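Q: I would like a close look at one part of a structure. Please keep to that part and to what sits around it.

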Amino acid sequence: QIGIYNVSGQTLSNLKILRNKISSVVQGVSIGADSSGYLDRALIDGNYIADIAGIAAGAGYGIAVIRGTNSRIVNNYIANDGRHSIYVSYGSGNVVSNNTTYNHRTGTGTPGSPVSSIVLARTNGVVCTGNSIINPKDGGIEYEADDVTPLDNHSCVIANNLIYNPSGVSSGIFLGSSSPSTAKNISDVSVDGNVIYSSAAG
């Protein structure tokens with residue numbers, strides 16, 4: 001089950017998803033133009049999303065935006081997701097700001113590579129700022145290149161985020177790909193003013 005979603009192939013612009021409460025599904029909000037279509041200027045703002053089940057690709061996503069341009073994911077609260085709290089893939093000009101994620105991947109097994117709370121994958125001109133990531137397991141924020149197509153990725157700002165009490169295979173901000181031998185390059189990335197604090201350290 002998915003809370004709010006669209007079917008790839010449509011033309012969507014100025015879509016607004018505001019102030020919804022979604023829980024106990026396999027994806028909270030999933031929108032995009034994965035195989036065809038167009039998604040521009042979506043606003044996902046002020047939603048409460050919790051208990052998102054699943055750890056495999058395609059499940060356990062709080063918010064997923066695929067091949068969107070100029071989308072804004074802001075002021076959302078996401079708790080207890082199984083795979084990613086916020087996942088932005090492909091597209092350009094997207095903003096992820098002032099969201100709170102809580103207990104990302106708590107109680108799941110140990111993966112072989114980072115499975116971060118906020119993932120910016122294969123996307124250019126993206127801004128990730130002012131987010132609070134509380135108790136994440138296996139990664140806080142990730143900007144990854146493409147080891148599938150592959151494509152170069154550029155122009156990412158990760159600034160003024162809080163990652164509190166991380167645990168697992170990756171504890172903070174991960175740049176690049178878990179398969180560096182096959183991935184393309186990332187460039188023009190700014191990581192500035194973030195706070196990463198572990199209560200377990202020292």
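With which residue does Arg-122 form a salt bridge, and how far apart are the closest N and O atoms?

A: The model is predicted, so local features need pLDDT of at least 70 and side-chain atom pairs count only at pLDDT 80 or more, while totals for chains, interfaces and linings use all residues. Residues are numbered from 1 along each chain as its sequence is written, and side-chain values use heavy atoms, with hydrogens and water left out.

The partner of Arg-122 is Glu-144, and the closest N and O atoms of this salt bridge are 3.3 Å apart. The pair links distant parts of the chain, 22 residues apart: Arg-122 belongs to the loop between S16 and S17, and Glu-144 to strand S19. A salt bridge here is a side-chain nitrogen of Lys or Arg within 4 Å of a carboxyl oxygen of Asp or Glu. Strands (E, at least two residues) and helices (H or I, at least four) are DSSP runs numbered from the N terminus. Strand S16 covers 118–121 and strand S17 covers 126–129, with Arg-122 in the loop between them.

Arg-122 counts as buried because its relative accessible area is 12%. The cut-offs are these: buried is under 20% relative accessible area, exposed is over 50%, and partly exposed is in between, with a 1.4 Å probe and protein chains only. Both partners, Arg-122 and Glu-144, are buried.

The backbone of Arg-122 also deserves a remark. Its phi is near 55°, a positive value in a residue other than glycine. Most residues other than glycine have a negative phi, and most peptide bonds are trans. Arg-67 likewise has a phi near 55°, again positive in a residue that is not glycine. Arg-67 is placed in the loop between S9 and strand S10 (68–69). With 36% relative accessibility, Arg-67 counts as partly exposed. The charged end of Arg-67 sits over the ring of Tyr-90, 3.9 Å from the ring centre. For this, NZ of Lys or CZ of Arg must be within 6 Å of the ring centre and within 35 degrees of the ring normal.

Back to the salt bridges: the structure holds four of them. One of them joins the side chains of Arg-105 and Asp-138 (3.0 Å, N to O). This pair, too, links distant parts of the chain: Arg-105 is in the loop between strand S15 (100–102) and S16, Asp-138 is in the loop between S18 and S19, and they are 33 residues apart. Arg-105 is buried because its relative accessible area is 4%, and Asp-138 is buried because its value is 0%. Asp-138 has a salt bridge with Lys-137 as well, where the closest N and O atoms are 2.8 Å apart. Lys-137 has 15% relative accessibility and therefore counts as buried. Through shared partners, salt bridges join Arg-105, Lys-137 and Asp-138 into one network.

The loop that holds Asp-138 lies between S18 and S19, and Asn-135 is in the loop between strand S18 (132–134) and strand S19 (141–144). Leaving out residues up to four places away in sequence, Asn-135 touches Tyr-102, Asn-103, His-104, Thr-106, Tyr-164 and Asn-165. Contact means heavy atoms within 4.5 Å. With Asn-165 there is also a polar contact, side chain to side chain, at 3.0 Å. A polar contact is a pair of N or O atoms within 3.5 Å; within protein, one must be able to donate a hydrogen and the other to accept it, and residues adjacent in sequence count only if both atoms are side-chain atoms. The C-alpha atoms of Asn-135 and Ser-171 are separated by 9.8 Å, although the two residues are 36 apart along the chain.

Another asparagine in a loop is Asn-47, between strand S7 (43–45) and strand S8 (48–52). Asn-47 counts as buried because its relative accessibility is 2%. Among the residues in contact with Asn-47, beyond its neighbours within four places in sequence, are Ile-17, Arg-19, Asn-75 and Tyr-77.
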